[in-house]
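Please read them with the structure open.

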Amino acid sequence: MAPAADREGYWGPTTSTLDWCEENYSVTWYIAEFWNTVSNLIMIIPPMFGAVQSVRDGLEKRYIASYLALTVVGMGSWCFHMTLKYEMQLLDELPMIYSCCIFVYCMFECFKIKNSVNYHLLFTLVLFSLIVTTVYLKVKEPIFHQVMYGMLVFTLVLRSIYIVTWVYPWLRGLGYTSLGIFLLGFLFWNIDNIFCESLRNFRKKVPPIIGITTQFHAWWHILTGLGSYLHILFSLYTRTLYLRYRPKVKG
C-alpha cells in the first residue's frame, strides 16, 4: 500500500480504505492513479466486443452476462483509481464478487441442456453475494473482500482443473494459460503491496519510462483482465463442445 503522504488533486482528499502504491496525481491533476486507471481498458473494451459477438452468435445469456460483468468491473476500477473515493471503491470491489459468481454459475452449468436454469445454484450465488455485500458495507474491511473473492477464484480453479483433467484434456492449454496469467497478476499485486516503499524510491531514481514498468498494480489489472477474458473463452468453449458433441458427462 502507499505511504500516507500523497498530494491531492481534482477529486479532493482520499476517502477509500485502500490507496495503492502509485504516486497520486503524479501524471495529471484529474486522475489520482493514472496508470492504475488506464490499465483497466483491457477489462472494458475486449469484453464489450465479446458481449456483442455473443449476441450475434445467439449464445446463452449467461455468457453475455459474463462479458458485461467483466466490463462493469473494469469501469468500476477505473472510477475507483481515478478518484480514490470510497463509493467508487465499492463500485470496483463488489462487482468483482458478482462477476465471479456469474463465472462460477457458467462453469458448473457447462454440462446441462441448452438454456436450462439451475435455480438452486442461482439462489446460492445470489444469497452469497447479498451476504458479502451486507457484511462488507458493515465492516469495511478490505481483507474480508479479498478472502471472499479468493474463495470464488479458488472454486473456479478447481472446476477448471476438473474439466481439463477428466473431461476435455485438449483444453489444458487455454485453461492453464488463463490460470497462469491470472496468478502472475496476483504475484505482481503482492509485490506492489509488499515492496511499495522500495518501488517508489526506485522510481525516483530512474527515467519515467522505466518507472512506468514498475507500476505493478497496473500490471495486475492487465494480467487479471486478460486472464479473466481467457477464462470466459475457456468456459464458453467447454459449453460449446458439450452442446455440439454431448459427451456422457455428469456435471
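**Notes on pockets and cysteines**

1. The lining of the second largest pocket divides into 10 nonpolar, four polar and three charged residues. The model is a predicted one, and the points below should be read with that in mind.

2. The volume of this second largest pocket is about 350 Å³. It is lined by 17 residues, and those closest to its centre are Lys 61, Arg 62, Ala 65, Tyr 105 and Leu 122. Helices α3, α4 and α5 (119–139) each contribute at least two residues to the lining of the second largest pocket.

3. The largest pocket holds about 790 Å³ of space. Its lining has 38 residues, with Tyr 149, Val 153, Phe 182, Trp 220 and Thr 224 nearest the centre. By class, 20 of the lining residues of the largest pocket are nonpolar, 16 are polar and two are charged.

4. Which helices supply at least two residues each to the lining of the largest pocket? They are α3 (61–83), α4 (86–108), α6 (142–167), α7 (172–194) and α10 (216–245). The largest share, nine residues, comes from α6.

5. Turning to the cysteines, the structure has one disulfide. The bond joins Cys 21 and Cys 196, whose sulfur atoms are 2.3 Å apart. The torsion about their S-S bond is about 100°, so the disulfide is right-handed.

6. A disulfide here requires sulfur atoms within 2.5 Å. Cys 79 counts as partly exposed because its relative accessibility is 21%.

7. Cys 106 is in no disulfide either, and the nearest cysteine sulfur, in Cys 110, is 7.3 Å away. With 1% relative accessibility, Cys 106 counts as buried.

Technical notes. Residues numbered from 1 in each chain as written. Predicted model: local features only at pLDDT ≥ 70, side-chain atom pairs only at ≥ 80, totals over all residues. Heavy atoms only, no water. Buried < 20%, exposed > 50% of the residue type's maximum accessible area, 1.4 Å probe, protein only. 1 Å grid on protein atoms, 1.4 Å probe; cavity = no way out; pocket = protein on both sides within 12 Å on 5 of 7 lines; lining within 4 Å. Points joined across faces, edges and corners; volume = space filled by probe spheres on them. Helix = DSSP H or I, 4+ residues; strand = E, 2+ residues; numbered from the N terminus. Nonpolar A, V, L, I, M, F, W, Y, C, P; charged D, E, K, R; others polar.
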